[in-house]
Amino acid sequence: MITKNILLALSLFATVAFAQTDTTPSPTPETTFESGGRVETKMFIPEDLMKGSLHTVGEQAENDGLVNTYFLYSGDNAFAVSTGIALRTRIREIYAIDKLQSMSKTDEFGKAMANAGKQKLDSVAGIVRDPLGTIKRVPQGASRFFGRIGESLKGGQSEGEGNALQSITGVDKAKVALSAKLGVSPYSTNQELQELLTNTARAMAGGGFLIAGATAIVGGPVLTVLNVNQNLQQTLVNSTPSDLRIINRKKLFALGVTRENADEFLMHPWYSPWHETIITDALATIGRDPTQFLEQACRALTEQDANYFQRLAQILARYHKTTAPLKSIRIESGRVCAIDSGGKLVIPLSCDYAIWSEPAAGRVEDFSKLLQDRSEIKGLALWVDGKVSDRATLELKSRKIDLATGVLDGK
């Protein structure tokens, strides 16, 4: 009897042991959301920008679900730069600074500065620095404005702008022309670049210094990269900040913007005269009251925020010209949108790489609910200037949301 019981116990033990050691894989639940992390830089940055005589870009970038942070190396310096647009800007600035430093060491430059009434050029240390920082403690651009909204910030002239004396003496115009040749913005927030541009412009305007062979070395002309047409390029290059603000104010008034709203936008510290002009031109192309857009844009807290709203305006203008006329620009679920002539809600998004993250799914749910609850909305279209993951593309398609990516490429 005891032996029988022992055999039974051993049999049960063997059965349990077999069940516990069974190596047959059990089905795993499908991952609900994609996570940010390392991505290959070459997916987003052209090969000719990955490496040059003065710089190298890291082979991997860090994605937060919308924005990539790239790693830029120059000499002994390393920089973390968020968004591909900012990376291109910083690369061009590295080469512009090197070119301007070389010019400042010539005899001709010294004589021109003496003629301009400045005997000694202020010393500039280091290479490229971003005085505002490239990584902030709070999200910027797409990561913030396609989610929550920050506080508004008011001020006077934009960062990187010259003073009244520079405008009177012709330094401003010389600085704009020089910057265009070098492939950088005359209103860059890079303090080292600003000082070199200003001093060289003084030598040009007041000392007769002539620039030979000063052209963009890498990254292409800045105005081409900014996706602006030939007429707008000429306006940007041939106008002072004051000229541009007069032009922009007239266009905004014609669109129905109040003086108060126009002034808040045109005097915002994070929008350079180029930002303002490109945005205003895009809004004028659409020809609808942009008040709600401007109110949202005036909540910008950083240069990256300003770039973000510039791209949103350009995306909407591109849709208006190539797909269907826009009837109105509005804010829906806290984000800039527009309604086209067929009743479709157009959602512009400027980002490097959008993945199917939990926040992204929540935003899509918000817009899908609008489609269900609002009879005047006949469909949804998401227009993106960057890339979208395969998973996110499938999720959008399953919800019958039209998706277009790279909408400003080559424009």
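Visitor: Is Lys 400 buried or exposed?
Guide: Lys 400 is exposed, because its relative accessibility is 68%; exposed means over 50% relative accessible area, buried under 20% and partly exposed in between, with a 1.4 Å probe and protein chains only. This is a predicted model, where local features need pLDDT of at least 70, side-chain atom pairs count only at pLDDT 80 or more, and totals for chains, interfaces and linings use all residues. Residues are numbered from 1 along each chain as its sequence is written, and side-chain values use heavy atoms, with hydrogens and water left out.

Visitor: Where is Lys 400 in the fold?
Guide: Lys 400 sits in the loop between helix H17 (390-398) and S12. Helices (H or I, at least four residues) and strands (E, at least two) are DSSP runs, numbered from the N terminus.

Visitor: What is phi at Lys 400?
Guide: Near 60°, a positive value in a residue other than glycine. Most residues other than glycine have a negative phi. Ser 333 also has a positive phi, near 50°. Ser 333 lies in the loop between S6 and S7, and is partly exposed at 31% relative accessible area.

Visitor: Which strands make up that sheet?
Guide: Five strands, in the order S6-S7-S8-S10-S12, form an open sheet with mixed pairing. Two strands pair if DSSP finds at least two bridges between them. Strand S6 (326-332) and strand S12 (401-404) are the edges, each pairing on one side only.

Visitor: How do S6 and S7 pair, parallel or antiparallel?
Guide: Antiparallel, over six bridges, with S7 covering residues 335-340. Leu 326 stands opposite Asp 340 in S7.

Visitor: Changing topic: how many salt bridges does the structure hold?
Guide: It holds 15. A salt bridge here is a side-chain nitrogen of Lys or Arg within 4 Å of a carboxyl oxygen of Asp or Glu.

Visitor: Which side chains meet Glu 332?
Guide: Arg 330 meets Glu 332 at 3.3 Å, N to O, and Arg 374 meets Glu 332 at 2.8 Å, N to O.

Visitor: Glu 332, buried or exposed?
Guide: Buried, at 7% relative accessibility. Arg 374 is partly exposed at 24%.

Visitor: What about Arg 335, which residue does its side chain meet?
Guide: Asp 366, in a salt bridge of 3.7 Å, N to O. Arg 335 lies in strand S7 and Asp 366 in helix H16, so this pair ties together parts that are 31 residues apart in sequence. Arg 335 is buried at 9% relative accessible area, whereas Asp 366 is partly exposed at 35%. As for networks, salt bridges that share partners join Arg 330, Glu 332, Arg 374 and Glu 376 into one.

Visitor: And aromatics, how many pairs?
Guide: Seven aromatic pairs. Rings of Phe, Tyr and Trp (its six-membered ring) pair if their centres lie within 6.5 Å; planes under 30 degrees apart count as stacked, over 60 as edge-to-face and the rest as tilted. One of the pairs is Tyr 187 and Trp 274, with centres 6.1 Å apart and planes at 80°, so it is edge-to-face. Both Tyr 187 and Trp 274 are buried.
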